[in-house]
Every structure is written in structure tokens, then in C-alpha cells.
Amino acid sequence: MSVTTSRRTALITGLAALTLALGTSLADPAYAGEQPSNGQGADTEQSGGNDKTGIYAAARITYSGSVAPNGGTGNVTSADVDWTPPPCWYAPYLGAKDFKKKMSAEIEEAASAPGMTGTPAAAIGQTKAHYEDEYGWTDTPGYKDYNVAKDGEGMFWAGVENPNEPDYLKRNSCTDLPFWVDNGEAPPPQYEEAITPEILAALAYQHMELPGTEVTLAPAGTTKVNLPTWAWLDKADFHEVQATAAIDAPGFTLTATTTAKPVSLKLEPGTPDAETYPASGECTINDDGSIGEPYAKGKADRTPPCGIKYLRSSGDGTFDLQATITWEIAWTGTGGAGGDLPDGTFENAQAVTVQEIQAVNR
């Protein structure tokens with residue numbers, strides 16, 4: 001049996017109403033979440049396991065490399081204001097037998113809820129028929145007995161929320177019913193949000209932790225009005241970093257590594273009464289991977305290739321020098337996939353004291 005795509009939309013709408021009525025979901029995204037890193041540069045292990053129902057939830061995203069601790073977002077900011085990480089995705093969830101155990105119990109519980117009539121009741125009945133009696137729609141076939149005859153040959157996939165997405169509606173927008181994918185096969189094309197190496201790369205980007213490198217200044221800490229202040233970053237303190245996201249489920253494994261390479265440094269003095277070197281304030285990377293040039297004795301009469309000249313005193317306070325590093329970001333993943341992601345930026349603030357040059361009259 002099959003129904004049209006519009007009927008499928010009505011079914012999903014009915015399930016949404018059911019979710020609001022019960023305060024739960026037949027495809028609760030909590031079952032296929034993310035496994036956070038336990039610290040920058042530390043590996044994480046696959047941590048799927050038995051939930052309270054005794055069912056194995058296989059799909060967990062693990063992060064390693066230079067990533068934020070405890071699954072939090074990293075400190076990199078996309079230079080493209082229109083780019084955002086995926087708010088949700090579809091990923092492997094359960095094998096056929098385990099899915100039947102969980103889904104049939106939830107359908108039965110929902111059907112027995114008080115006052116379950118009208119559209120929600122119809123949605124429950126259609127969902128039951130979808131998984132038990134091959135009730136489907138144009139682009140999605142139904143299943144016979146939850147596909148138990150194919151247990152071990154594939155998995156049901158389901159929606160997963162990105163826990164770091166602040167927009168509730170976006171985070172909960174992967175609302176299609178769980179669907180079957182054979183081992184080694186791609187998900188059906190209508191599921192554009194199905195997990196891919198590129199989605200993993202974007203999530204690795206979201207969790208990436210860039211080094212908080214402080215620009216070296218000369219004079220350091222305290223400088224003088226109209227005295228050029230040299231600024232630089234040594235190669236040893238200024239290097240590319242990597243973050244990896246991976247998913248490993250029975251019959252399905254994907255990984256993606258995102259690499260951030262530093263390319264420039266922008267200086268903002270913290271006051272309009274200052275000049276930057278170069279005038280744009282953007283210091284490019286040198287051939288050896290460093291930025292700027294260290295100050296050395298004998299360079300007092302030279303203009304620094306990267307630096308600042310303050311034109312007035314900071315008085316009893318300081319100026320907040322903003323040093324923003326731009327990182328070029330690319331990714332590689334399973335099957336030779338790869339590409340570029342928007343440049344990232346990370347900003348450090350440093351307090352700079354600027355004093356008047358004192359003249360001595362004799």
C-alpha cells in the first residue's frame with residue numbers, strides 16, 4: 001500500500017501533534033547524540049551502550065584533536081556570517097529487532113494515552129501500519145514487521161539534534177520517521193540531512209579549539225607615545241591545528257578531519273589615535289610560517305613590518321589591543337571526499353599601557 005507525498009506530510013504533522021500532546025517523540029533525537037571530547041587534543045572512544053530499555057544505540061559522533069572539552073563549541077568564528085553548522089542530521093540508530101522492540105512499545109504507549117482521538121490517533125495507526133503492514137508513500141516504502149527479516153543487513157536511521165544549535169525550531173527540524181538503510185548503501189536521496197563526511201567536517205569545525213596565541217610586542221606591556229611598537233608571532237607558536245569527527249555504527253563508518261592553517265594577523269589598537277603597520281593593520285604570514293619580525297637591537301630607526309604606533313597616552317588605564325588571527329580551513333573525509341570551509345577567525349585581547357615620553361630640561 002502507498003500514499004502520496006502530501007499524505008506523508010499530513011502523517012508527519014499528525015505525529016508532531018502527538019509529540020506535543022505527550023511531551024515525547026516517537027523518534028526522540030536523544031537516542032543518537034554526540035559523544036564529547038574529554039579535553040583538547042584527547043581522543044574519545046565510541047560510547048554507545050544499552051539504554052534503560054536494554055537497546056543498543058549505536059550511532060555516536062566522537063571528536064578528537066584540537067576540540068573544545070565536554071562537547072562544547074570551540075572558539076573559532078566563521079568569517080562567513082551566513083555559514084552555520086548543521087542544526088540536525090539523520091544517522092544510524094538501531095537494527096531491526098531492537099527498533100521493533102523500542103518503536104512498538106512507544107506506539108502502544110502513545111495509543112493508550114487518555115483522550116487520544118482524531119488526528120493524533122490516526123497518525124499513531126498509520127505509523128503502526130507503516131512499520132508492520134508495508135503502509136508507505138510515493139518515495140518511501142513501508143515495512144513488514146519492522147524489517148525483522150533483514151536484521152543485521154542494515155539499520156534504521158533517525159533524526160539527531162545538534163545540541164549546540166541555539167534555535168529550537170532548527171534543532172528539531174529533522175522530523176521524518178526513522179527509515180531503513182541497507183549496509184553499504186547510501187540513504188534515500190530525499191533525506192538531504194543524512195550524515196555525510198561534509199556534515200562531520202562542519203561539526204568538527206564547530207567544535208574546533210584554536211590556540212590562544214598572544215602576540216609578542218616590543219616594547220612589551222608598556223610603550224611610549226609616537227614610538228613604533230613591533231608585533232610578531234613565531235612559527236613555533238603559530239601552527240596549523242586539526243579536529244576530527246567520526247561516526248562508527250554496524251555496517252557504517254564515516255570520518256572527517258578539519259584542518260585550520262593560519263594565514264594572517266589583523267591588529268586593532270583599541271583607540272582611533274594610533275597608526276598600524278601596514279596601514280591596513282593586516283600582517284601576512286611569512287615564508288617560514290611566522291608573522292611580523294622580532295625586534296632586535298639596532299632596529300629602533302626602522303619601521304616594523306607589523307606593528308602599531310600610538311599617538312596619545314592611555315592615561316591611568318590601558319588600550320585593548322585586539323589581535324585577530326585568520327585561519328584558512330579545509331577538510332578531508334572518508335572515500336577521498338574533501339573541500340574548503342569558510343575561513344575562521346579567533347581574537348585575542350591584550351592590555352597595552354602607553355606613556356608620554358618625558359623630557360628633562362636642564
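Trainee: How many bridges pair strand 7 and strand 8, and in which sense?
Mentor: Strand 7 and strand 8 are paired over four bridges, in the antiparallel sense. Please keep in mind that this is a predicted model.

Trainee: Which residue in strand 8 is the bridge partner of Met-155?
Mentor: The bridge partner of Met-155 is Val-181.

Trainee: What is the order of the strands in that open sheet?
Mentor: The order is 5-7-8 in an open sheet of three strands, and the pairing is antiparallel. Strand 5 (88-94) and strand 8 are the edge strands, as each pairs on one side only. From one strand to the next, the twist averages 45°.

Trainee: Which helix lies across those strands?
Mentor: Helix 2 (residues 96-111) lies across strand 5, strand 7 and strand 8. Relative to strand 5, helix 2 runs at about 105°.

Trainee: Changing topic, how many aromatic pairs are there?
Mentor: The structure holds 17 aromatic pairs. In one of them, the ring centres of Phe-156 and Trp-180 are 5.1 Å apart and the planes are at 75°, so the pair is edge-to-face.

Trainee: Where in the chain do Phe-156 and Trp-180 sit?
Mentor: Phe-156 belongs to strand 7 (residues 154-161) and Trp-180 to strand 8 (residues 179-182). The two residues are 24 residues apart, and their pair links distant parts of the chain.

Trainee: Are they buried or exposed?
Mentor: Both Phe-156 and Trp-180 are buried. They also belong to one aromatic cluster, together with Tyr-93, Phe-99, Tyr-131, Tyr-143 and Tyr-146.

Trainee: And the largest nonpolar core: which residues touch the most other members?
Mentor: Those are Ile-61, Ile-195, Leu-265 and Leu-267, out of 78 residues in that core.

Trainee: What is Ile-195 in contact with, leaving aside its neighbours within four places in sequence?
Mentor: Its contacts include Ile-61, Trp-89, Tyr-90, Trp-157, Phe-252 and Leu-254.

Trainee: One more region, please. Which way do the residues of strand 17 point?
Mentor: In strand 17 (residues 307-310), Gly-307 and Lys-309 point one way, while Ile-308 and Tyr-310 point the other way. All of these residues are buried.

Trainee: Which strand does strand 17 join through four bridges?
Mentor: That is strand 14 (residues 274-277), which runs antiparallel to strand 17. Here Glu-275 has Lys-309 as its bridge partner. Strand 11 (residues 229-233) is also antiparallel to strand 17 and is joined to it by two bridges. On that side, Thr-229 stands opposite Ile-308.

Conventions. Residues numbered from 1 in each chain as written. Predicted model: local features only at pLDDT ≥ 70, side-chain atom pairs only at ≥ 80, totals over all residues. Heavy atoms only, no water. Phe/Tyr/Trp six-rings, centres within 6.5 Å; stacked < 30°, edge-to-face > 60°. Buried < 20%, exposed > 50% of the residue type's maximum accessible area, 1.4 Å probe, protein only. Pairing = 2+ DSSP bridges. Axes fitted to C-alpha atoms, helices over the stretch in contact; angles between N-to-C directions. Contact = heavy atoms within 4.5 Å. Core = buried A, V, L, I, M, F, W, Y, C linked by side-chain atoms within 4.5 Å.
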